[in-house]
Amino acid sequence: MASLWRPESWAERLAELEARTGDLKEAPLRRDVRSLGTLLGDVLREQAGNDVFEAVEALRQGAIRRREAQAKGETKVADELLRSAGKRVNALPVEQTYQLSRAFAFYFELINLAETNHRKRRRLSAQIREEKSAQGNSLESASLTGASLGSSGALRGTLRGTLAAMRKVGISAEEALGWLRKIYIVPVFTAHPTEVARRSVLTKRRRIGELLERLDRIPVPDEELCALQEALEAEITALWQTDEVRSSRPQVLDEVKMGLDYYDVSLFETLPGLYEEIASALQAEYGLDLDVSELPIVLGFGSWIGGDRDGNPYVTSDVTREAIAEARRRLLRYYEGRLQLLISLLTTSAQQLPVSEELKARLDSYLGQLQTGAEQIFGQHFQFELYRRFLMCIHARLLRTAGVESAIRTSSEPALKALKALPAYCSSREFQGDLEILRRSLAENKGLRLARELVDPLLLLVRTFGLHLHTLDVRQHVRLHNKALEEASAWCAGNAGKVPEGLSAQSQSVIDGFRTIAEVKAGCSPETIRQYVISGAATAEDILGVLWLARLGGLNVAGNGDDPGVVPVPLFEYIGDLRTAPEVCRGLWTNPEYRALLKTWGDTQEIMLGYSDSNKDGGMITSTWEIFKSHRGLHEVAHECGIQLRLFHGRGGTVGRGGGPTHRSIYAQPMNAFDGQIRITEQGEVLNWKYSDVVLAERNLELMIAACLDALARPNARDPQGHQSGVLLPEWEAALDELSDTSFRFYRANIIDDPEVLQYYELATPMAELENAKIGSRPSRRGGKMSFDSLRAIPWVFGWTQSRLLTPGWFGVGHALEEYAKKPGGAALLRAMMEEFPLFIDLIRNVEMALAKADLGIAEIYSSLVPDEGLRNRVFSKLKAELERSLSAVLAVTGQKALLEQNQVLARSIRLRNPYVDPMSLIQVELLRRKRAGENTPEVNRAIAATINGISAGLRNTG
């Protein structure tokens with residue numbers, strides 16, 4: 001059988017890769033989607049039978065016709081098609097609903113993989129385009145062809161495009177390097193329950209993705225094309241035969257391993273290429289010739305997985321210790337592999353070229369520690385290959401560091417056994433020092449090319465990851481801190497080093513957390529824990545209370561020598577707290593005792609801003625604006641007090657929790673309120689989207705670097721014809737104040753202060769099923785009766801997303817925009833802000849995305865789950881009216897006739913997905929109805945979990 005991927009000619013494939021716009025550019029994606037759909041159909045017939053396949057097709061075709069009728073304005077036809085599909089679903093037995101949900105979910109799995117592969121394909125295309133442009137343009141004659149393009153034709157979101165824009169406005173090479181040296185970005189991986197897929201499913205996804213990538217090679221023989229297609233069909237079959245959702249809730253250590261997998265899958269291999277790209281961009285735009293070893297380290301990594309105690313009773317001290325140990329094991333295992341490669345490849349002989357005296361002295365020092373000669377250790381092995389002997393010493397020390405004595409004892413390498421007495425590395429600085437000695441020797445003795453190719457990648461990783469891989473933040477809620485302080489208030493100073501009797505289990509756990517941190521800090525990598533995040537922080541006392549608790553737990557938070565200390569990081573996550581944060585910090589930073597501590601931390605303070613809870617507390621506009629103003633105010637106070645401020649942005653995966661395009665959000669920061677250092681949470685579901693592949697990880701990290709450079713240098717502000725400079729005009733600030741105030745009052749009155757909304761939410765969404773879905777280790781509530789205070793932001797967004805309303809992404813926006821537009825000149829001012837002010841652009845585009853994914857027709861079916869007709873009608877009519885207002889207002893502000901007119905890629909993706917999501921929503925509603933009527937069986941719960949998985953995959957969002 002001919003392969004579905006066989007082209008008419010390979011020249012066509014090359015033309016597709018080089019295409020910049022139009023149908024030809026999207027042809028490979030359409031081919032992948034069509035071919036994968038065909039293979040899935042074959043698998044469905046084989047594995048589930050023709051009845052399931054035909055039922056899938058009937059629902060799919062009906063959903064497509066409904067969407068087409070909607071697009072034509074044929075409302076009655078669309079409604080009738082939806083009712084007909086609902087009747088079909090209602091008649092299905094539970095087992096078939098499960099099979100259908102899985103079938104639709106699998107289609108999305110494959111679409112997502114196809115889209116991901118297309119992103120990689122277009123990334124390669126952009127790189128080819130840049131190289132061609134660079135060959136055709138001299139450095140002197142290059143010029144910007146538009147606000148979003150660099151001299152190379154590179155987009156502004158690329159590093160090279162940003163550098164080109166900087167050079168165009170007169171920013172010198174020295175200035176550009178100065179800005180680059182200020183940048184330090186830390187993505188922080190978290191395990192919030194938003195990643196539905198199991199670890200085994202993620203592995204299978206990667207295998208399918210790798211096969212798709214191999215099908216893109218030019219050319220591929222027919223036999224290989226057929227073999228690849230057969231392999232794909234086998235993988236799809238294996239995926240179908242795998243449980244896509246968990247039968248039991250994951251343990252925290254399962255989440256730890258899932259987070260660490262991304263280092264093995266992409267990040268270790270990504271960073272060397274990324275830094276080479278930075279060096280290449282600097283050379284192309286500024287003519288700078290820099291080695292990777294000369295570049296500043298602009299990236300670090302962090303994690304909450306295994307340290308986030310807030311609301312998760314399963315994060316214990318033992319879990320934290322194991323999370324740190326496992327991260328270290330992963331890293332040292334990778335280092336060991338790189339060292340073994342170096343030993344194999346670095347065969348330079350002293351009979352051919354000398355080595356440096358520095359390296360000889362270091363090697364002699366190691367042999368001297370063993371009190372034996374080189375001949376006794378190495379014999380005739382590596383007789384003149386001093387680099388290999390030196391690397392054997394480094395390898396032995398690293399194995400000791402990793403604590404793998406068995407690897408030394410069982411090694412077939414006699415020299416390694418002889419070197420086992422060498423000490424472990426007690427700091428990453430020692431390990432780095434040895435590698436730098438090796439590099440200098442190579443560079444001094446005609447081995448610079450070898451140094452760049454073999455040593456620099458490992459040296460870069462050691463400079464980035466040390467011996468610990470990433471920092472692990474510990475987080476706890478201020479409420480538990482206060483309780484522990486209250487219980488400990490009667491302690492005397494003599495008991496400070498003990499945990500006294502009489503403490504509650506929760507308070508003992510709080511104190512034990514600090515004792516664990518002290519234990520970690522006493523080890524060889526005290527930099528492993530640097531931040532202690534305080535959820536719900538509101539006052540200076542909340543920060544100072546942590547210092548008291550740390551002392552009670554035997555932890556010295558001050559920095560000292562190699563130990564950077566532990567900085568208490570207040571998380572301001574409610575609207576009122578965001579407003580008072582600058583003055584709270586002013587009081588803290590002018591406190592002499594606290595200021596003395598700050599000095600030990602390099603006069604650097606970290607503050608975390610919470611997007612999820614501030615959105616739940618005040619709505620989309622107010623959350624966005626208050627975070628912006630708090631950000632700006634905190635920087636103003638920090639500059640007044642001489643403090644280096646690093647902000648930690650607690651962004652979620654969805655728009656309602658601060659999600660959205662990374663470059664746009666970083667660039668939207670207040671002008672003159674960013675010093676280059678930033679930490680950003682990477683939560684749950686977005687990890688696989690951003691870091692499942694080397695190409696994707698490199699692009700995501702490049703976006704962050706380019707955005708930070710853009711936000712620091714602000715080339716648009718220096719360009720007389722520049723747009724979207726970030727300058728906030730007084731009339732825009734006044735407008736945003738008014739919009740925020742109007743939206744806040746409307747949101748609070750109609751959501752938070754209306755008790756019927758929470759009742760409706762519990763009944764009209766599958767929020768309660770989050771527990772049955774076994775998605776994450778942490779409970780969805782902090783405990784107690786259901787209330788807005790106890791309900792976490794993640795399930796709040798989850799419920800509205802699954803029920804297709806996405807309320808947190810738009811409620812209050814339509815009302816505020818509509819009211820402001822009624823003012824004289826109001827509409828024109830809003831349009832001007834939409835043209836020029838990055839924060840407002842980011843806000844409106846994110847709201848637009850949420851509206852594009854919402855569906856009132858489907859949401860109304862979810863509302864039928866509310867038995868009280870009066871309650872149902874009152875709440876749904878209110879939500880419907882505001883969604884329609886928001887839609888109308890966003891179109892007016894953007895000047896569009898339809899949503900996403902200016903983002904056709906996303907618009908096309910949503911149009912492609914909706915007809916497949918709709919049937920799963922209908923199935924989910926029917927299953928929820930049956931469960932609530934008493935059919936609470938394992939089969940029903942399993943089928944509901946399958947719909948959650950499928951809708952999440954279809955919308956590319958959970959919560």
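This is a predicted model: local features need pLDDT of at least 70, side-chain atom pairs count only at pLDDT 80 or more; totals for chains, interfaces and linings use all residues.
Close-up 1. Is α40 mostly covered or mostly open? Mostly covered: 15 of its 18 residues are buried (under 20% relative accessible area, 1.4 Å probe, protein chains only). Helices here are DSSP runs of H or I with at least four residues, strands are E runs of at least two, and both are numbered from the N terminus.

**Close-up 2. Strands β4 and β5 run parallel.** Four bridges join β4 to β5 (residues 531-535); pairing takes at least two DSSP bridges. V474 stands opposite Y532 of β5. Within β4 (residues 474-477), V474 and Q476 point one way, R475 and H477 the other, and all are buried.

**Close-up 3. Y335 sits in the largest nonpolar core.** Such a core is a set of buried Ala, Val, Leu, Ile, Met, Phe, Trp, Tyr and Cys residues joined through side-chain atoms within 4.5 Å. Of its 104 residues, Y335, F431 and F465 touch the most other members. Helix α10 (residues 252-286) gives the most, with 16 residues. Leaving aside neighbours within four places in sequence, Y335 is in contact (heavy atoms within 4.5 Å) with residues including L398, F431 and G466.

**Notes.** Residues are numbered from 1 along each chain as its sequence is written. Local features need pLDDT of at least 70, side-chain atom pairs count only at pLDDT 80 or more, totals for chains, interfaces and linings use all residues, and side-chain values use heavy atoms, leaving out hydrogens and water.

Technical notes:
Buried means under 20% relative accessible area, exposed over 50%, partly exposed in between (1.4 Å probe, protein chains only).
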